[in-house]
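Please keep the sequence and the model in view while reading.

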Amino acid sequence: QVQLMESGGGLVQAGGSLSLSCAVSGGTFSSYTMAWFRQAPGKEREFVAIFSWSSGIAYADSVKGRFTISRDDAKSSVHLQMESLKPEDTAVYFCAADRAYWPRTYEYWGQGTQVTVSS
């Protein structure tokens, strides 16, 4: 059974930085496309970043240039380095995994970690 566990969320002032991590257990991590999503209060979940060995890296326009996704296949983990945070980045952040090269939907999800950016 594949399980994803996010960590690293917290409270930060606008302009600050946070680093999120997602540890994956079960399955073959190197075969998964990994992604980060977020969901703000009262809003739908939205795409943040994706890392696919086959198809590359991509970011939502709203985070491009500020967020960096990376992965460590030896440690079965994916990370999201967030810089120059804004209050509108406040959300629950989820990591997701799927075997497809560029998934339209994701098979596995973590429970989420809260990121709060104060103004």
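## Disulfide count and geometry

The count comes to one disulfide, a disulfide being a pair of cysteine sulfur atoms within 2.5 Å. Its partners are cysteine 22 and cysteine 95, with sulfur atoms 1.9 Å apart. The torsion about their S-S bond is about 50°, so the disulfide is right-handed.

Cysteine 22 belongs to strand β3 (residues 18-25) and cysteine 95 to strand β9 (residues 91-98), so the pair ties together parts that are 73 residues apart in sequence. Helices (H or I, at least four residues) and strands (E, at least two) are DSSP runs, numbered from the N terminus. Cysteine 22 and cysteine 95 are both buried, that is, under 20% relative accessible area, where exposed means over 50% and partly exposed in between (1.4 Å probe, protein chains only).

## Basis of the values

The model is predicted: local features need pLDDT of at least 70 and side-chain atom pairs count only at pLDDT 80 or more, whereas totals for chains, interfaces and linings use all residues. Residues are numbered from 1 along each chain as its sequence is written, and side-chain values use heavy atoms, with hydrogens and water left out.

## Surroundings of glutamate 6

Glutamate 6 is found in strand β1 (residues 3-7) and is buried, with a relative accessible area of 7%. Not counting residues up to four places away in sequence, glutamate 6 touches both Cys22 and Cys95, and its contacts also include Trp36, Tyr93 and Thr113; contact means heavy atoms within 4.5 Å.

A polar atom of the glutamate 6 side chain lies 3.1 Å from the backbone nitrogen of glutamine 111. For the backbone nitrogen of glycine 112, the distance to a polar atom of that side chain is 2.8 Å.

Key
Polar contact = N/O pair within 3.5 Å; in protein donor to acceptor, adjacent residues only side chain to side chain.
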